[in-house]
Amino acid sequence: MGSVKPKKSLGQHFLKDLGIAKKIADTIQPQNLPEAHAEEWGRLPVVEVGPGMGVLSQFLQGNGRDVKAVELDPESVAFLHNAFPKLDVVEGDFLKMNLSELFKGEMVLIGNYPYNISSQIFFKALENRERIPVIAGMLQKEVGRRICSGPGSKEYGILSVLLQAWYDCRYLFDVGPLVFSPPPKVTSGVIRLTRNSRESLGCDEKKFKAVVKTAFGQRRKTLRNSLGGMIPKESPLMADPILGMRPEQIGVEDFIRLTQQISGENGEEKNDGGKED
C-alpha cells in the first residue's frame with residue numbers, strides 16, 4: 001500500500017500510535033461530552049481536518065458517525081481512497097471552505113491539526129460556532145495550553161479570551177514527539193472545546209475582539225495605557241480600578257464589561273454584531 005511522504009510545507013507529522021489515535025477519537029464520544037448534550041452531540045456528523053494517512057479516521061469511522069475527512073495534500077487523498085474506500089474524503093483547503101457545503105446542520109470538528117495553521121482553524125471554527133458545538137483534537141502543546149488557560153497564567157491570551165467567550169475549553173493530555181513520523185521538535189497536546197450556553201455577548205463582537213487584541217498586543221502595560229486610545233481622556237471609566245490591571249489578570253466577563261463601557265463612552269450601539277458565517 002505504501003505510505004505518504006510527510007511534507008514540511010504542509011506541517012505534516014503523521015501520528016503512528018494507534019492507542020493515542022483511539023484516545024483522541026474517544027474525546028467526542030457521548031460519555032465524554034457534557035451530560036446535558038451528550039446524546040445530541042454524540043450523534044452529530046464529524047469533520048476531520050488533515051487526516052493524513054487515516055490513523056484517526058479509522059477510529060472515527062468505527063464510532064458509527066458520518067465522517068468527512070478534509071485533506072489538502074493530493075498524495076494523502078490518493079492514499080486514503082485506496083486504504084479507506086468507505087471514507088468520504090473531501091480534497092481541499094479547510095480554511096477556504098464553506099462549511100455548510102460539508103454538512104447542512106451542526107457538526108463536530110476534530111483532527112490532528114497542522115501546527116502551522118492550527119490557530120486559523122480554531123478562528124474559523126469560532127466564526128461558525130452556531131454549527132460547531134464540539135471541537136477536539138491535537139495541536140502544539142503551547143497553543144493548546146493558550147486556548148485553555150485562564151487569567152493569571154502566562155499562556156492566557158487572545159485565543160483564550162475569544163474562544164472561552166463561547167466554549168468551555170479543556171486541556172486533556174500531552175503527546176510526546178516520538179509517536180510521530182517525522183517527530184516534531186515540540187510536545188503536542190489534545191484539547192476539547194464544548195459550546196457554552198452564551199447566546200450573545202451583549203456588545204458589538206468586532207469591538208470586543210478589538211479590545212481583546214489591543215489589550216494583549218501590549219500585555220505588559222496596564223489596560224489604562226493599552227486601551228487609552230479607545231477611551232476619552234475625560235471619561236469616568238479612566239478611573240475604574242480594572243484599568244490599573246494587565247490583560248492577563250482579568251477574565252472573559254471583565255473584557256465583555258469593558259467593551260460595553262467603552263462602546264457606551266463612544267456613543268456606540270451595544271449590539272452583538274451577528275454571526276460570522
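Figure 1. Strand E3 (residues 67-71) is mostly covered, since five of its five residues are buried, where buried means under 20% relative accessible area, exposed over 50% and partly exposed in between (1.4 Å probe, protein chains only). Strands (E, at least two residues) and helices (H or I, at least four residues) are DSSP runs numbered from the N terminus. This is a predicted model, in which local features need pLDDT of at least 70 and side-chain atom pairs count only at pLDDT 80 or more, while totals for chains, interfaces and linings use all residues. Residues are numbered from 1 along each chain as its sequence is written, and side-chain values use heavy atoms, with hydrogens and water left out. In a regular strand the side chains alternate between the two faces of the sheet. Both faces of E3 are covered: one side carries Val-67, Ala-69 and Glu-71, the other Lys-68 and Val-70, and all are buried. E3 runs parallel to strand E2 (residues 46-49), to which four bridges join it; two strands pair if DSSP finds at least two bridges between them. Lys-68 of E3 is the bridge partner of Val-47.

**Figure 2. Charged groups over aromatic rings.** Lys-68 also lies over the face of Phe-103, at 5.0 Å from the ring centre. The charged end of Arg-145 sits over the ring of Tyr-171, 3.9 Å from its centre. A charge is counted as over a ring if NZ of Lys or CZ of Arg is within 6 Å of the ring centre and within 35 degrees of the ring normal.

**Figure 3. The largest nonpolar core around Leu-109.** A nonpolar core is a set of buried Ala, Val, Leu, Ile, Met, Phe, Trp, Tyr and Cys residues joined through side-chain atoms within 4.5 Å. The largest such core has 54 residues, of which Leu-109, Ile-147, Phe-208 and Phe-255 touch the most other members. Leaving aside residues up to four places away in sequence, Leu-109 touches residues including Val-47, Val-49, Phe-94 and Ile-121, contact being heavy atoms within 4.5 Å.

**Figure 4. The aromatic cluster of Tyr-156, Phe-216 and Phe-255.** Ring pairs link Tyr-156, Phe-216 and Phe-255 into a cluster. The structure holds three aromatic pairs; rings of Phe, Tyr and Trp (its six-membered ring) pair if their centres lie within 6.5 Å, and planes under 30 degrees apart count as stacked, over 60 as edge-to-face and the rest as tilted. Tyr-156 and Phe-216 form an edge-to-face pair, because their ring centres are 5.8 Å apart and their planes stand at 80 degrees. Tyr-156 lies in the loop between helix H6 (141-148) and helix H7 (158-164), and Phe-216 in helix H8 (residues 205-217), so the pair ties together parts that are 60 residues apart in sequence. Tyr-156 is buried at 0% relative accessibility, and Phe-216 is buried at 8%. Phe-216 and Phe-255 form a tilted pair, 5.7 Å centre to centre with 35 degrees between the planes. This pair links helix H8 to helix H10 (residues 252-265), with the two residues 39 apart.

**Figure 5. Cysteines without disulfides.** The structure holds zero disulfides, a disulfide being a pair of cysteine sulfur atoms within 2.5 Å. The closest cysteine sulfur to that of Cys-148 belongs to Cys-169, and the 5.2 Å between them is too far for a bond. Cys-148 is buried, with a relative accessible area of 18%.
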